[in-house]
Amino acid sequence: MQTIIQTLSRELGQQESCVAAVVKLLDEGNTVPFIARYRKEQHGAMDDQTIRALADRLAYLRSLDEKRADIRAAIEAQGKLTDALATALDAAQTLAALDDLYRPYRPKRRTRASVARDKGLAPLAQALLEARTPSPTMDELAAPFICPETGVETAADALAGASDIIAEDIADDANLRAQLRGLMHRTGVLKTTGTDENDTVYRMYHAFSEPIGKLQSHRILAINRGEKEGKLKVTLTVDDAQALVMLNRAVLHPKNPFCPALRETCADSWSRLLFPSLARELRSALTDAANEQAIRTFALNLRPLLLQPPVRNRVTLGFDPGYRNGCKLAVVDGTGKLLETAVIYPAQPFHRIDEAKRVLTRLCRSHGVTCIAIGNGTASKESEMLIAEFIREYGGGIEYMVVSEAGASVYSASKLAAEEFPDFDVNLRSAVSIARRLQDPLAELVKIDPKAIGVGQYQHDMPQARLGEALDGVVEDCVSAVGVDLNTASAALLCRVAGISATVSKNIAAYREQHGRFADRKQLLQVKGLGPKAYEQCAGFLRVPGSQNLLDNTAVHPESYAAAQTLLMLCGYTAADAAAGKLHELPARIRQLGAENAAQRCGVGVPTLLDIAAELQKPGRDPRDELPPPLLRSDVLDLNDLKPGMKLKGTVRNVADFGAFVDIGVHQDGLVHISQLCDRFIRHPSEVVTVGDIVEVSVLSVDTKSHRISLSMKQQK
């Protein structure tokens, strides 16, 4: 049997020594971001996503080993563990394979077969299977087992009970189950029919049929939801004839005179026991795979959404649209500090447009607003048209962007928002959140449960614990990649830093309030609950811009400060040169010294040396600043303005398995189907686009009645 390290090495394509190092680091309580960033020499520079995949698979394999041990002990306690069975248990690579091996020994509820065994009919079942001559006959074999006291009054009763035992034994055979499971994957077809003629949501599944091997994950989740809601009836079909051939071949001996009767037993085992059981297994496996794919898609979308470039140092007006309750406005300064709030009623039923424009004019002039963030919820279209008209009348100088408000209501009603804005209505809190989402998406979105951000598919149908774990990992990786200002970050942001718990993040904020700004990273050790291990994990991801030590405002870990100072000295630089941005020739000087030589003299590995050099060249840099800026607009298009062939620029808002949704400035996102994303074959849209990308699209078609826009990113010939 392969060891867990060998299995992980083979599956991930990594050296065994590197995998072993990561496993050891994880077992020692190190976080994934810390391992990925500061232990590259030990694991061969795996990225955070690979390490998270390794950690997930490690947990699965360890649980597999635990279950293997439990099953072995249970069978051994029954006195039924053979060498062959022990070998089979050791070779099992999945939980399903272990379950198949344990099935014959698992305590069962009372079944037809168990009743027959209690009547003493197991020897008759064995005799029927092992018969090789026509004499004695079946009735003659059954005669000794007739016993009215046990309920076996005739030979037919005895033979029926024996048949039930054989059928159950067939259904419990691990090898047969594995073969039939493969057959169902190869030949199975999932069919759905609608139960409600008026249903439009699941219309495409009212007469749907597709082979199991071709079913896409988003279809599986849609079908599951439709079935749960009672809108769809789902059936699974398979090649029954081929299944029976496999059973007969495995169970029947050519010389057995009772083959006709045993064939009926095989058919009964298939239809009554095997097929229902394997069908449930298959549906469950399909759902599990679809959930994992959906979680991967969610995580894939969440990462670029969190890492969208901030719109820095611009006074921003947050605009939370609404009808009867009005539109909530909040002006925040360039740092996100709330300056003023207001409510306007431009939409129906009030239609106070002139009054709304006067309020907007006053707010923009009083505070120097240069950017407006509009939530994309109810009344967003009317609000966007109002803002575009207002900007034209105002004379320009203001740009706007429609911002996803997914989760804003969750945040505004949260305990965190109540602590931050105790005197404000929940809707005004939403307006503040919308403004800040444009200014710094990461800092604002970390306040919301990742599941509520809304960049996935069927997230409410997935295993919530697994989804939460995966998304929390993405948030942690993103926060660690960007870094956090120790003196300005909220407790909500601090608790997303590797190594910092929710309690410690509050302690940091409390310490800051009591003692003022942190002067350097070392001061963190004075925070209650933040010990040496937590400091080791989090220090490199925290920034102190005002520190006298330049390195406190970089991703250089405190354990490497001496190495950084040595590198500067070796290359003829000083810390003052680094602060002044005068290290343009640093890479050349490292090459002149030789990276291996320089790393050895600095006491670190080459990967760490190169990371230190990159940080010294751009102290305090934000990696998001290197990305294309968000697409801000000053005017709006109407859906009726769109014509086939029009070329537009837009922002990718969501990526699903079947395509990408793009905001082209008409309130309704358009869909670029996977077949229209590029001229080459791709397996998933993420190979071409990510959330936040600015793309050029052409309009294929517009359905104004259903508000559907079909777009293409293919090069027009």
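Which residue in β8 is the bridge partner of Ile372? In this predicted model, that partner is Tyr400. The pair belongs to a parallel arrangement in which five bridges join β7 to strand β8 (residues 399-403).

| Strand paired with β7 | Residues | Bridges | Sense |
|---|---|---|---|
| β8 | residues 399-403 | five bridges | parallel |

How does β7 itself sit in the fold? Five of the five residues of β7 (residues 371-375) are buried, so the strand is largely enclosed by the rest of the structure. Cys371, Ala373 and Gly375 point one way from β7, while Ile372 and Ile374 point the other way; all of these are buried.

In soluble globular proteins, nonpolar side chains tend to be buried together. The largest nonpolar core here has 128 residues, and Ile508 and Leu524 touch the most other members. Helix α15 (residues 259-306) gives the most to this core, with 17 residues. Leaving aside residues up to four places away in sequence, Leu524 touches Leu486, Ile508, Phe518, Leu530, Tyr535, Cys538 and Leu542. There is also a second, separate core of 25 residues, with Val19, Val32, Leu58 and Leu61 among them.

Technical notes:
Residues numbered from 1 in each chain as written. Predicted model: local features only at pLDDT ≥ 70, side-chain atom pairs only at ≥ 80, totals over all residues. Heavy atoms only, no water. Buried < 20%, exposed > 50% of the residue type's maximum accessible area, 1.4 Å probe, protein only. Helix = DSSP H or I, 4+ residues; strand = E, 2+ residues; numbered from the N terminus. Pairing = 2+ DSSP bridges. Core = buried A, V, L, I, M, F, W, Y, C linked by side-chain atoms within 4.5 Å. Contact = heavy atoms within 4.5 Å.
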